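Please write a short report on the structure shown below.

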Amino acid sequence: MYTTHKTCPTGWDAVVYILPIFVLQYMVGVLVQLKHTVLLRIALPPLMLCVILRALSVLDFSCGQQDQSHHIAVFFISIASIVGRTVVWTLARRPYKRDNVSAAESTSIPMACWNAWDLQWNPRGIGWNWSQGIPIRRSSLQLQSRSQFLLFAITRFAFLLVMSDVFMEPLHAQFSSLSPRDIHTIFDHSLPLIPRYIRILQIVYVVLWDAYFTIEKGYQLLSVIFVILFWQHPSQWPPLFDKPWLSTSLSDLWGRRWHQMLRQSAVALGGSPLACFLGRPGYVLGTFLFSGAIHCAQFLATKRGGNPMFEGGFFVMNGVGILLERAWSKMTGRRVGGVYGWMWTFLWVTVWAVPMMDQWAAMGRFDAGATLGDFRPAMFLLSLVLPTTTDKGFVVSCLCFGISVSFLVYSLFTLC
């Protein structure tokens, strides 16, 4: 435990320090739907910044526990996303409008107040006029009934919870003699060169899958909450990802298949300004610089060591990789794609993920997956069907390996 002058947040603290942030964002969301409100919008972000700094100076989301510092990172990146989107709304040149609202209704203050709730929790702009160009994958199920959608979302959430635990078991096995807070590097220099890097690839692989499962879990949980509370239609919650394991280029991965929740802010505040000076390369690099800066800031917020430049460098180098793909296309007249493009994509992502994962280890981030404390869903389920003498860790590792091979075969057959 470490000491801090800040306080552990309570329910009342959330009302006093956090709720005003969302209220100010909501007010900008109302104003951006109405004409001639630019001056009013400009006045609110500085006030929001003051409220955020006040909350950060008072609240400690880790509650003095180093192994809970990932809660600070979650809060920080959430706030950074809110600020980014609010600034974009402030600078909007034309009023935002929902697709299902007539021109007469869109100028109504009551209608704007109601629609602002959707705008506030709709980072991809589904059903809004500002979201053109943001790729949204259509659900293959096409569930129209809210009850069916809720059942599917809850089931998927439970499945993702178990799968996240399954893929974290190999990581725990690699560091079986250490607690997550005692892991300082993913490099084991006591191993020969080839086994050392095979082990590193295994760690990167399972951590990337866990990141995917974690984001998906949060999305499914939010979909359940908002379909129940705000009676939203299932069509407002299409799939968040588009099978990123089938990406055949970096452009395909980051421009379409990975989640696009930060796209509007990254493009408006990073890509577009730099494009004014450097053209298309500036647009790409600026977008990834913004994303890298956001992740660097959340890295620093945890105050647990490590070098945040490796975190930001991962995103910047993926922007560089996209520029290399564009250069290749201009030189050869062929776009990056197919099986070779798939191999290139995951090789490039892995190479730049290794130093980032090493810094995650240095800051103790590998304990962030323990959202349920000591409860292990996969182990619990296995204990119901396997004898007590069975090595459940070995079974889970075999399951993880089998799933990995299945995904590899599926991907290759799909791409060939």
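## Model and confidence

This is a predicted model, where local features need pLDDT of at least 70, side-chain atom pairs count only at pLDDT 80 or more, and totals for chains, interfaces and linings use all residues. Residues are numbered from 1 along each chain as its sequence is written, and side-chain values use heavy atoms, with hydrogens and water left out.

Among the elements of the chain, helix α4 (residues 103-106) has the lowest mean pLDDT, 72. Helix α8 (residues 250-257) has the highest, 95.

## Overall fold

The chain has 13 helices and 0 strands. Helices (H or I, at least four residues) and strands (E, at least two) are DSSP runs, numbered from the N terminus. The radius of gyration of the chain is 23 Å, close to the 22 Å that the globule rule gives for 416 residues, so the chain is as compact as a globular protein of that length. This radius is taken over C-alpha atoms, and the globule rule is 2.2 Å times the number of residues to the power 0.38. Along the principal axes, the C-alpha atoms fill a box of roughly 65 × 60 × 45 Å.

Of the 416 residues, 43% are buried. Buried means under 20% relative accessible area, exposed over 50%, and partly exposed in between (1.4 Å probe, protein chains only). Contact means heavy atoms within 4.5 Å. Among contacts between residues at least 6 apart in sequence, 74% join residues at least 24 apart.

## The loop between α7 and α8

Trp 231 sits in the loop between α7 and α8. Its phi is near 55°, a positive value in a residue other than glycine. Trp 231 is exposed, at 59% relative accessible area. Lys 243 belongs to the loop between α7 and α8 too. Lys 243 has a positive phi of about 50°, although it is not a glycine. Its relative accessible area is 29%, so Lys 243 is partly exposed.

Thr 248 is also found in the loop between α7 (193-229) and α8. Thr 248 counts as buried because its relative accessibility is 17%. Not counting residues up to four places away in sequence, Thr 248 touches several residues, including Gly 337, Trp 342 and Leu 415.

Leu 250 lies in helix α8. Its relative accessible area is 0%, so Leu 250 is buried. Leaving aside neighbours within four places in sequence, its contacts include Ile 322, Trp 344 and Trp 348. Leu 250 and Leu 323 are 73 residues apart along the chain, and their C-alpha atoms are separated by 9.5 Å.

Which residues does Val 284 contact, leaving aside its neighbours within four places in sequence? They are Gly 319, Ile 322 and Leu 323. Val 284 is found in helix α9 (residues 263-302). Val 284 is buried because its relative accessible area is 6%. The C-alpha atoms of Val 284 and Trp 121 are separated by 26 Å, and these residues are 163 apart along the chain.

Terms used:
pLDDT = per-residue confidence, 0-100.
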